[in-house]
Amino acid sequence: MQPYEERLTAPRSWWFIAVLVGIAMALILLPLGKLPLLCGLVGGGALAAVAVSSYGSARIRVVGGALIAGDARIPLEALGVPEVLDAEEARAWRTHKADTRAFMLLRGYVRTAVRIEVVDPADPTPYVYLSTRSPERLAAALTAVRA
(Lines give C-alpha, C1' and ligand atoms only; values in the text may rest on other atoms or scores of the structure.)
Protein backbone atom coordinates (compact mmCIF):
# COMPACT_ATOMS: atom_id res chain seq x y z
CA MET A 1 0.00 0.00 0.00
CA GLN A 2 1.36 3.40 -0.99
CA PRO A 3 -0.42 6.18 0.89
CA TYR A 4 1.21 9.11 -0.90
CA GLU A 5 3.10 9.79 -4.11
CA GLU A 6 3.66 13.05 -5.94
CA ARG A 7 5.83 14.09 -8.87
CA LEU A 8 6.84 17.73 -8.96
CA THR A 9 6.69 18.42 -12.68
CA ALA A 10 7.89 21.63 -14.27
CA PRO A 11 5.25 24.15 -15.35
CA ARG A 12 4.07 24.26 -18.97
CA SER A 13 5.77 27.62 -19.54
CA TRP A 14 9.15 25.94 -19.03
CA TRP A 15 8.40 23.52 -21.87
CA PHE A 16 7.55 26.49 -24.07
CA ILE A 17 10.93 28.01 -23.16
CA ALA A 18 12.62 24.73 -24.16
CA VAL A 19 11.00 25.03 -27.60
CA LEU A 20 12.21 28.63 -27.82
CA VAL A 21 15.76 27.49 -26.98
CA GLY A 22 15.58 25.05 -29.92
CA ILE A 23 14.38 27.84 -32.22
CA ALA A 24 17.14 30.16 -30.97
CA MET A 25 19.78 27.50 -31.66
CA ALA A 26 18.35 27.03 -35.15
CA LEU A 27 18.53 30.77 -35.82
CA ILE A 28 22.12 30.92 -34.56
CA LEU A 29 23.10 28.16 -37.01
CA LEU A 30 21.00 29.53 -39.91
CA PRO A 31 23.99 31.16 -41.72
CA LEU A 32 25.71 27.77 -41.91
CA GLY A 33 22.95 26.12 -43.97
CA LYS A 34 19.81 24.02 -43.68
CA LEU A 35 21.37 20.94 -42.10
CA PRO A 36 23.03 22.87 -39.22
CA LEU A 37 19.74 24.75 -38.79
CA LEU A 38 17.84 21.47 -38.34
CA CYS A 39 20.55 20.09 -36.04
CA GLY A 40 20.37 23.25 -33.94
CA LEU A 41 16.59 23.07 -33.76
CA VAL A 42 16.49 19.41 -32.78
CA GLY A 43 19.64 19.39 -30.63
CA GLY A 44 18.98 22.64 -28.78
CA GLY A 45 15.35 21.77 -28.17
CA ALA A 46 16.25 18.26 -26.99
CA LEU A 47 18.93 19.49 -24.57
CA ALA A 48 16.58 22.11 -23.13
CA ALA A 49 13.81 19.50 -22.80
CA VAL A 50 16.17 17.12 -20.97
CA ALA A 51 17.13 19.94 -18.57
CA VAL A 52 13.47 20.80 -17.87
CA SER A 53 12.52 17.16 -17.47
CA SER A 54 15.36 16.31 -15.09
CA TYR A 55 14.69 19.32 -12.88
CA GLY A 56 10.95 18.66 -12.88
CA SER A 57 11.14 14.96 -12.12
CA ALA A 58 11.47 15.18 -8.32
CA ARG A 59 9.26 12.68 -6.50
CA ILE A 60 7.92 12.61 -2.96
CA ARG A 61 6.68 9.28 -1.60
CA VAL A 62 5.65 7.88 1.76
CA VAL A 63 6.16 4.14 1.60
CA GLY A 64 7.54 1.33 3.74
CA GLY A 65 7.98 3.38 6.90
CA ALA A 66 10.05 6.00 5.11
CA LEU A 67 9.71 9.37 3.46
CA ILE A 68 11.41 9.34 0.07
CA ALA A 69 12.02 12.85 -1.23
CA GLY A 70 14.19 13.11 -4.31
CA ASP A 71 17.31 11.05 -3.56
CA ALA A 72 16.80 11.12 0.22
CA ARG A 73 15.26 8.24 2.15
CA ILE A 74 14.30 9.32 5.68
CA PRO A 75 12.87 6.86 8.22
CA LEU A 76 9.63 8.14 9.72
CA GLU A 77 10.95 7.48 13.26
CA ALA A 78 13.46 10.31 12.70
CA LEU A 79 10.73 12.82 11.86
CA GLY A 80 8.46 14.87 14.07
CA VAL A 81 4.99 16.21 13.39
CA PRO A 82 4.49 17.63 9.87
CA GLU A 83 3.58 21.30 9.58
CA VAL A 84 1.50 22.40 6.58
CA LEU A 85 2.76 25.69 5.11
CA ASP A 86 0.55 27.96 3.04
CA ALA A 87 2.08 30.04 0.24
CA GLU A 88 3.15 32.94 2.46
CA GLU A 89 4.62 30.77 5.23
CA ALA A 90 6.35 28.50 2.69
CA ARG A 91 8.01 31.54 1.13
CA ALA A 92 9.19 32.66 4.56
CA TRP A 93 10.76 29.23 5.22
CA ARG A 94 12.43 29.34 1.78
CA THR A 95 13.94 32.75 2.47
CA HIS A 96 14.54 34.52 5.78
CA LYS A 97 13.54 31.64 8.11
CA ALA A 98 15.60 29.04 6.24
CA ASP A 99 18.39 27.12 7.96
CA THR A 100 21.35 26.15 5.78
CA ARG A 101 21.55 22.74 7.51
CA ALA A 102 17.98 21.81 6.52
CA PHE A 103 17.13 19.28 3.82
CA MET A 104 15.08 21.13 1.23
CA LEU A 105 13.38 19.63 -1.78
CA LEU A 106 12.56 23.04 -3.09
CA ARG A 107 10.75 23.93 -6.27
CA GLY A 108 10.09 27.66 -6.61
CA TYR A 109 7.13 27.11 -8.91
CA VAL A 110 5.26 25.16 -6.19
CA ARG A 111 3.83 27.66 -3.72
CA THR A 112 2.89 25.40 -0.78
CA ALA A 113 5.05 23.11 1.31
CA VAL A 114 5.37 20.86 4.35
CA ARG A 115 8.01 21.33 7.04
CA ILE A 116 8.88 18.39 9.27
CA GLU A 117 11.21 18.70 12.22
CA VAL A 118 13.95 16.05 12.45
CA VAL A 119 13.87 14.54 15.95
CA ASP A 120 16.83 12.17 15.58
CA PRO A 121 19.52 13.50 17.99
CA ALA A 122 22.31 12.00 15.84
CA ASP A 123 21.19 13.95 12.76
CA PRO A 124 22.38 17.58 12.50
CA THR A 125 19.55 18.38 10.04
CA PRO A 126 17.03 20.59 11.90
CA TYR A 127 14.07 20.01 9.55
CA VAL A 128 12.93 18.74 6.18
CA TYR A 129 11.26 21.22 3.82
CA LEU A 130 9.30 19.73 0.93
CA SER A 131 7.60 21.73 -1.80
CA THR A 132 4.30 20.02 -2.52
CA ARG A 133 1.10 20.86 -4.35
CA SER A 134 -1.01 19.01 -1.76
CA PRO A 135 0.51 19.65 1.67
CA GLU A 136 -2.56 18.48 3.60
CA ARG A 137 -2.48 15.06 1.88
CA LEU A 138 1.24 14.65 2.52
CA ALA A 139 0.90 15.60 6.19
CA ALA A 140 -2.06 13.23 6.58
CA ALA A 141 -0.12 10.39 4.93
CA LEU A 142 2.87 10.94 7.20
CA THR A 143 0.64 10.98 10.26
CA ALA A 144 -1.33 7.91 9.14
CA VAL A 145 1.74 5.78 8.43
CA ARG A 146 3.32 6.65 11.79
CA ALA A 147 0.12 5.81 13.71
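Author: Helices and strands are DSSP runs, numbered from the N terminus. This is a predicted model, and the runs can be read off it in order.

Reader: How many helices and strands does the protein chain have, and what pattern do they follow along the sequence?

Author: There are four helices and eight strands in the protein chain. Along the sequence they come as β-α-α-β-β-β-β-α-β-β-β-α.

Reader: Is the chain spread out or compact, judged by its radius of gyration?

Author: The radius of gyration is compared with what the globule rule gives for a chain of 147 residues. Here the radius is 20 Å, well over the 15 Å from the rule, so the protein chain is more spread out than a compact globule. A box drawn along the principal axes around the C-alpha atoms is roughly 65 × 35 × 25 Å.

Reader: What share of the residues counts as buried?

Author: A residue is buried when its relative accessible area is under 20%. Of the 147 residues in the protein chain, 37% fall in that class. The accessible surface is about 8600 Å², and carbon and sulfur atoms make up 62% of that area.

Reader: How far apart are the mean positions of the positive and negative charges?

Author: The protein chain has 16 positive and 13 negative charges, and their mean positions lie 10 Å from each other.

Reader: How many salt bridges does the structure hold?

Author: A salt bridge needs a side-chain nitrogen of Lys or Arg within 4 Å of a carboxyl oxygen of Asp or Glu. The structure has four of these. One of them joins R115 and E83, with 3.2 Å between the closest N and O atoms. R115 sits in strand β7 (residues 113–118) and E83 in strand β5 (residues 79–85), so this pair, 32 residues apart, links distant parts of the chain.

Reader: Is R115 buried or exposed?

Author: R115 has 14% relative accessibility, so it counts as buried.

Reader: Which residue forms a salt bridge with E89?

Author: That residue is K97, and the closest N and O atoms are 2.7 Å apart. E89 is partly exposed at 26% relative accessibility, and K97 is partly exposed at 36%. Another salt bridge, 2.9 Å from N to O, is formed by the side chains of D99 and R101. D99, at 22% relative accessibility, counts as partly exposed.

Methods
Residues are numbered from 1 along each chain as its sequence is written. This is a predicted model: local features need pLDDT of at least 70, side-chain atom pairs count only at pLDDT 80 or more; totals for chains, interfaces and linings use all residues. Side-chain values use heavy atoms; hydrogens and water are left out. Helices (H or I, at least four residues) and strands (E, at least two) are DSSP runs, numbered from the N terminus. The radius of gyration is taken over C-alpha atoms; the globule rule is 2.2 Å times the number of residues to the power 0.38. Buried means under 20% relative accessible area, exposed over 50%, partly exposed in between (1.4 Å probe, protein chains only). Accessible areas come from the Shrake-Rupley method with a 1.4 Å probe; for residues, only the protein chains shown count as cover. Lys and Arg count as positive and Asp and Glu as negative; His and the chain ends are not counted. The place of a charge is taken as NZ of Lys, CZ of Arg, CG of Asp or CD of Glu.
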